[in-house]
Amino acid sequence: MRELYFDYAATTKVKKEVLEEMLPYFMEYYGNPSSIYSLSRKVKTAIDSSKNNIAKMINSKRSEICFTSGGTEADNWAIKGVAFANKEKGKHIITTEIEHAAILSSCKYLQSLGFRVTYLQVDKYGFINLDQLRKAIDGETILVSIMWGNNEIGTVQNIKSIGEICKENNVYFHTDAVQALGQIPIDVEKMNIDLLSISAHKIYGPKGTGALYIKKGVKIHNLIHGGEQERGRRSGTENVPGIVGFGKAAELAYDNFQDERSKLIYFRDKIIEELLKIDKTKINGAIGANRLPNNINVGFEGVSSEQLLIVLDSMGIFASAGSACSAGAIEESHVLKAIGLSLDGAKNSIRFTIGYTINNDIIEEFVAKIRIAVSNIRAMMDE
Ligand SMILES: *Cc1c(COP(=O)(O)O)cnc(C)c1O
């Protein structure tokens, strides 16, 4: 049975070129990048060149990129680091109801330390309201953190306008761009972004490597203290193979950006069109241009996604409901709840996310199998 992987928002398979680039950094170029002998020179250069590739992708300077252990650490650092460094100015943070758990949990933690957090609501497509954002900013606001593309429903916020509002009001703007990277054009200069989180394993790089872009001059505390790597900002010997892989993945994503993006958009819309032909099916999230190119989120009335996932798994299709939960259990999605879905609506919703290897053949088999699975489950429920 052919493997039909439809969970690219959860993680991606490392590209062959990425792995090949990484391999020499395990046994050949193994020197500690902080050492000053010649064995380490190549390692140091590789880290810089990886940073260059990433900086190019988001239009930042190389010195504004700091490597982390992933998107989660980058999010934690942005939220807590800015909060701790700017608490004299104010203790108010604005975010949204549909953020990744890394943001929401960091905010909850800050609340336990006496910070005030506003969670902006979203409309039925998942968009925040810019006027509500303007109104939420007060004299004590230090940071606005709003994700670029939502990992569950694919909604892409109006980042440029949010950046303008933050700049006008002199508050820092952080965005979780983990899903946006490689799918949406990113320009931190044009969009007035002060901090931005990204992760390698969502763009065909290795797991456990990410980065935080910190605009020059942003006041932020460090979270990881020690040996002063990353120009004193994030200590710990660098994950060299991971960083090299991230750099290669970034280079490939940059070089193939338009091709991969248009391909994803074409196939995303085709899948949506085909799935909507199934009786009593609904799309969750935004339609068209303001949706992540790789994201499809649908509700099949009367079909529990938990059950559907099991049936699909037995057919070789790997997908997701809600967000991946570390316990393996499916929890009610806070995002589907925020866009106003009933408990049943949320329980019947499933997410399919696609990658660059998608083609007509795969889609045909995929849609046929979905049809069978959905009608089998519905028939069973009717008995
Ligand atoms: C995957 C993801 C993260 C977490 O990144 P990791 O590298 O897995 O820690 C954060 N935010 C969003 C939107 C994500 O999709």
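1. Disulfides. A search of the whole structure, which is a predicted model, finds 0 disulfides. A disulfide is a covalent bond between the sulfur atoms of two cysteines. The cut-off applied here for such a pair is sulfur atoms within 2.5 Å. For Cys107, the closest cysteine sulfur belongs to Cys166 and lies 14 Å away, so the two are too far apart for a bond. The search from Cys166 leads back to Cys107, again at 14 Å and too far for a bond.

2. Strand β7, residues 195-199, runs antiparallel to strand β8, residues 210-214. How many bridges join the two? There are 5 bridges between β7 and β8.

3. An open sheet is formed by 3 strands in the order β9-β10-β12, with antiparallel pairing. Why is one side of β9 and of β12 left without a neighbour in the sheet? β9 (281-283) and β12 (349-353) stand at the edges, and each has a single partner strand. With direction ignored, neighbouring strands of this sheet are turned by 30 degrees against each other on average.

4. Bridges made by β10. Strand β10 covers residues 295-300 and is joined to β12 by 5 bridges, the two running antiparallel. Among the residue pairs, Asn297 is partnered with Arg351 in β12, and Ile296 is partnered with Phe352 in β12. Towards β9, β10 has 3 bridges, and this pair also runs antiparallel. Lys282 stands opposite Gly299 of β10.

5. Burial of β10. Of the 6 residues in β10, 6 are buried. In a regular strand the side chains alternate between the two faces of the sheet. In β10 both faces are covered: Asn295, Asn297 and Gly299 are buried on one side, and Ile296, Val298 and Phe300 are buried on the other. Helix α11, residues 305-314, lies across β10 and β12. The angle of α11 to β12 is about 45 degrees.

6. Val303. Where is Val303 found? Val303 sits in the loop between β10 and α11. At 0% relative accessibility, Val303 counts as buried. Not counting residues up to four places away in sequence, Val303 touches Leu308, Lys347, Asn348, Val374, Ile377 and Arg378. One of these, Ile377, is 74 residues from Val303 along the chain, yet the C-alpha atoms of the two are separated by 6.5 Å.

7. A search of the whole structure finds 1 cavity of 30 Å³ or more. The volume of the largest cavity is about 180 Å³. It is lined by 18 residues, of which Leu181, Gly182, Gln183, Lys202 and Tyr204 are the closest to its centre. Which helix gives the largest share of the lining? Helix α10, residues 257-276, provides that share with 3 residues.

Methods. Residues are numbered from 1 along each chain as its sequence is written. This is a predicted model: local features need pLDDT of at least 70, side-chain atom pairs count only at pLDDT 80 or more; totals for chains, interfaces and linings use all residues. Side-chain values use heavy atoms; hydrogens and water are left out. Two strands pair if DSSP finds at least two bridges between them. Helices (H or I, at least four residues) and strands (E, at least two) are DSSP runs, numbered from the N terminus. Axes are lines fitted to C-alpha atoms, for helices over the stretch in contact, and angles run from 0 to 180 degrees between N-to-C directions. Contact means heavy atoms within 4.5 Å. On a 1 Å grid over the protein atoms alone, a cavity is a set of points where a 1.4 Å probe fits but cannot get out, and a pocket is an open set with protein on both sides within 12 Å along at least five of seven lines; lining residues have an atom within 4 Å of a point. Grid points are joined across faces, edges and corners, and a volume is the space filled by probe spheres set on the points. Buried means under 20% relative accessible area, exposed over 50%, partly exposed in between (1.4 Å probe, protein chains only).
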